[in-house]
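Hello,

Here is the structure I promised to pass on to you. Please open it first, and then read my notes below beside it.

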Amino acid sequence: MKRRQFTNLSLFLLGLTLSNCGRDANSPDNIQSSKSDSVRIWWSQGFYPEETEALRQLIDQWQTDSGLPAELTLYSEGDILKEAERAIAAGNPPDILYSHDADLTFIPKLAWNNQLADVSDVIKPIESEYGPTILNGIKYLNQTTGQRNYYAVPITQTTNHIHYWQPLLESINQSAGNIPEDWDGFWQFWEDGQAPLRDLGQTDFYSMGLPMSASASDTFFIFEQFLEAFNVRLLSNTGELQLDTTQVREGITRALEAYTQFYEDKYVPPEAVDWGNADNNVTFLSRSNLMTVNPTLSIPGSQRQDKFTYEEQLVTTPWPNKPNGDPMTSLVSIKQVVIFESSQYKQEAKKFLSYLIQPENLKRYIQGSQGRFFPLTADLLQDPFWQDSTDPHILAASQQFYRTRPFGQALNPAYSEVQKQNIWGRTIADVVGQNVSVEAATDKAIEQIKTIFQEWQ
């Protein structure tokens, strides 16, 4: 491996280590007393130092401007929701909580159980700046009131991006202009690259880095994009399950067969059945795969300091058209901040979130993520950072946010439990790791989802 490649991969691994190191060094070892003289903010550790530093500066400035004290506690993404559950059980949650994964697995149930503050007064003044996908993604059903309301403040969004190595393509006399736009041709293109690249001497090389494990949330995140490709609608627009229709079952089967066939045909590393969320990133950055799919732009973001790699070697490319020829719709995850209903500083917490989402403030935080997360509003998307024609990754990725829809939990909070249990990841692992047939795995997944919805409370 070349020195530059090793350095960049090492920096990426360092970032992963920092983002999984647990609590901030200044954080308390135990859940704090229920009484506090500060607004307590629990936040996921930034993937990049710039992200965390931007947040710290915003909190410091807010304290200075408002005269209100705030206390920031950072947790790794792997720990923050566990700590939040402990704090809730102890009757002592923080005032404000932000977790990268909470929108998919955690927030819908908190809203359902009347544990989140209604933040409509934060959202309403700027409601017109958000599109319907964003607004639908933060309007949750509360079983106590029987109504949907805004129970979260959106700050960023992510979707699935496809990356590949241009030098590897060139080494087998291929280029970006040869990549087909149709579904079957697109995936066949990457499959066809594996043998000639192995012939060049890299015998452990695989054309695609797709997670196949039951433990990685990346697995269900990416697979749901495949469900979208096959026009599978698990839920109606009003949130009812549609799993008993022949069309939906056949669509799931087709999507599952398409996704797992890459592994069965040995175009995906055998270790992918055991991958965590970081493993496809690491494998791809070591140039052991020609292409990969990732739910954020963290892969190119990790290479930003190496201009040659970032601009000339690593490529972000659009998704192909759906199998029926229609353009792809991107599933977006809306990253959200919540205030707990039991907060003793509810109004102060709302003032902070109103401050945070002011365009200039939010821009600082989002840009600190190095493009890993994207803005939500048209005004911020027009900022030169996101319209830089010399930045191939942000320019390509930004096009995906013009045709979007939210994940299923936006329609029915019970679907968040499907994601929390990683039903799709477990289903994929059954097929590729346990030799369960695609048809049997589909039927099992359908029954598991039905059970979750029946038992939801």
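The buried residues of helix α11 pack against α9, β8, α10 (217–229), α20 (423–434) and α21 (438–455). Buried here means under 20% relative accessible area, exposed means over 50%, and partly exposed is in between, with a 1.4 Å probe and protein chains only. Contact means heavy atoms within 4.5 Å. The helix and strand names come from DSSP runs (H or I of at least four residues for helices, E of at least two for strands), numbered from the N terminus.

Before going further, please keep in mind that this is a predicted model, in which local features need pLDDT of at least 70 and side-chain atom pairs count only at pLDDT 80 or more, while totals for chains, interfaces and linings use all residues. Residues are numbered from 1 along each chain as its sequence is written, and side-chain values use heavy atoms, with hydrogens and water left out.

Back to α11, residues 246–264. Its buried residues include Val 248, Ile 252, Leu 256, Tyr 259 and Phe 262. How far apart are the end C-alpha atoms of α11? They are 26 Å apart, which agrees with the 27 Å that 19 residues should span at 1.5 Å a residue; the expected span is 1.5 Å times one less than the number of residues. After the helix comes Lys 266, with a positive phi near 65°.

Next, the sheet. Four strands make an open sheet with mixed pairing, in the order β8-β9-β7-β10; two strands pair if DSSP finds at least two bridges between them. β8 (206–209) and β10 (314–317) each have a single partner strand, so one side of each has no neighbour in the sheet. From one strand to the next, the twist averages 20°. Helix α9 (residues 183–199) packs on this sheet and touches β7 (161–165), β8 and β9, its direction making about 135° with that of β8. For such angles, axes are lines fitted to C-alpha atoms (for helices over the stretch in contact), and the values run from 0 to 180 degrees between N-to-C directions. β8 and β9 (residues 289–294) run parallel and are joined by 3 bridges, and Met 208 stands opposite Met 291 in β9.

Now for the rings. The structure holds 26 aromatic pairs. Rings of Phe, Tyr and Trp (its six-membered ring) pair if their centres lie within 6.5 Å; planes under 30 degrees apart count as stacked, over 60 as edge-to-face and the rest as tilted. One of these pairs is Phe 47 with Tyr 48, edge-to-face at 5.1 Å centre to centre and 80° between the planes. Phe 189 and Trp 190 have ring centres 5.0 Å apart and planes at 85°, so this pair is edge-to-face. Is Trp 190 buried or exposed? Trp 190 is buried, with a relative accessible area of 0%.

Charges meet rings too: the charged end of Arg 198 sits over the ring of Tyr 206, 4.7 Å from its centre. That label needs NZ of Lys or CZ of Arg within 6 Å of the ring centre and within 35 degrees of the ring normal.

Finally, look at two asparagines. Asn 173, in the loop between α8 (166–171) and α9, has a positive phi of about 60° and is exposed at 71% relative accessibility. Asn 422, in the loop between α19 (415–420) and α20, has a phi near 50° but is buried, at 5%.

Best wishes
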